[in-house]
Amino acid sequence: MNPLEVTLNRLHLRNPILVASGTFGYAREMQSFAEFARLGGIIPKTVTPLPRIGNPPPRTVETASGLLNSIGLDNDGIEAFLDKHLTYLLGLGTAIIVNIAGHDIAEFGQMAKRLNPYKEIAAVELNISCPNVSGGVDFATEPKLTSQVVSEVRAVCDLPLIAKLTPNVTRVVDIAAAAAEAGADAVTLVNTFQGMAVDWKKRKPILGNVLGGLSGPAIKPLALRIVHQVSQAVKVPIIGVGGIQSIDDVMEFLITGATAVQIGTANFYDPTLASRLVDQLAEVVKSQGCQRVTELIGTLQLPNRSGCQK
Ligand code: SIN
């Protein structure tokens, strides 16, 4: 028995520690640092139907409270991904979750159809939440659109599906419910929070695209809140992401209801972190007197608030 194994509907992972899309390149870049085969899985940078040059520089800026990025889905397109990266990725001895984005619903369907024959792909993550391209978040701001994208992909692709959702909405719960109902095996909560950095002396925004997405420790409480709200309201496995940089952060997400987590911004300054977290997680499971990590998932004890209500 592997004590760290987790199952998210049709997606099986040897452990819950994944690396987030856009923070690990196509893995080659990380090969001298990370022990890929120890990870629960790798999610490479988002792939789009055609090559994209991305947004004008500067594309990243460190703020006092996290990293702002506006990359703009810079990538070489799906055909180059299949030619240059997929075989390498599938040989790394860990689950590969391909992250895709389309301009419209039909493009999501076309890409999913193209990936469907590659049965060694562990899952497809739908990036319906990029805040840095026109139309990027639209699919995850309306339950109906979310449902349409997921249904379109489900109809042409029988690989496990994950919907990566945006926090930049009023009610993520409704969007998560729509994704689950349309057939998503899991939801990733959450992509970056839209933000901005300004150089007041120059009277200019710092990012070339003006707005960007904030990630890093500052967003952890916000992401945890969303994991909590969705886990209380929707029956769908959750992959938590947002500011994770220690085993305590991992445990906070798991206890709150995430079945797996993604390490994101921390990969930029410590690409060895994710593999170390796997060992640390095994130690925590043991020290808590558990046989399996699943015994700890969703064990948050909420206060009984009935006494406070008048
Ligand atoms: C980007 O490429 O701009 C970031 C991707 C994302 O936030 O989904």
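**Labels and the values behind them**

Analyst: This is a predicted model. Start with Ser70. Leaving aside neighbours within four places in sequence, Ser70 is in contact with Asn55, Arg59, Asn132, Leu207, Asn209, Leu211 and Gly212.

User: Where is Ser70 placed?

Analyst: Ser70 sits in the loop between β6 (66–69) and α1 (78–90).

User: Why is Ser70 called buried?

Analyst: Buried means under 20% relative accessible area. Ser70 has a relative accessible area of 1%, so the label buried applies.

User: What makes the link between the side chains of Ser70 and Asn209 a polar contact?

Analyst: The cut-off is a pair of N or O atoms within 3.5 Å. The side chains of Ser70 and Asn209 are joined at 3.2 Å, so the distance passes.

User: Why does Asp270 count as buried?

Analyst: Its relative accessibility is 18%. The limit is under 20%, so Asp270 counts as buried. Asp270 lies in the loop between α7 (266–269) and α8 (273–287). Its side chain also makes a polar contact of 3.0 Å with the side chain of Arg276.

User: What is the strand order in the open sheet of four strands?

Analyst: The order is β5-β6-β14-β11, and the pairing is antiparallel.

User: Why do β5 and β11 stand at the edges?

Analyst: β5 (60–63) and β11 (193–196) each have a single partner strand, so one side of each has no neighbour in the sheet. From one strand to the next, the twist averages 40 degrees.

User: How do you know that β11 and β14 pair?

Analyst: Pairing needs at least two bridges. Four bridges join β11 to β14 (residues 211–215), so the two strands pair. They run antiparallel. Within this pair, Phe193 stands opposite Leu214 in β14.

User: Which residues surround the ligand?

Analyst: Among them are Lys45, Asn69, Ile71, Gly72, Leu73 and Asn127. Others include Cys130, Pro131, Asn132 and Asn191.

User: How much of the ligand's accessible area does the protein cover?

Analyst: On its own, the ligand has 260 Å² of accessible area, and the protein covers 91% of that.

Technical notes:
Residues numbered from 1 in each chain as written. Predicted model: local features only at pLDDT ≥ 70, side-chain atom pairs only at ≥ 80, totals over all residues. Heavy atoms only, no water. Axes fitted to C-alpha atoms, helices over the stretch in contact; angles between N-to-C directions. Buried < 20%, exposed > 50% of the residue type's maximum accessible area, 1.4 Å probe, protein only. Polar contact = N/O pair within 3.5 Å; in protein donor to acceptor, adjacent residues only side chain to side chain. Contact = heavy atoms within 4.5 Å. Near = heavy atom within 4 Å. Areas by Shrake-Rupley, 256 points an atom, 1.4 Å probe, with all protein chains shown as cover.
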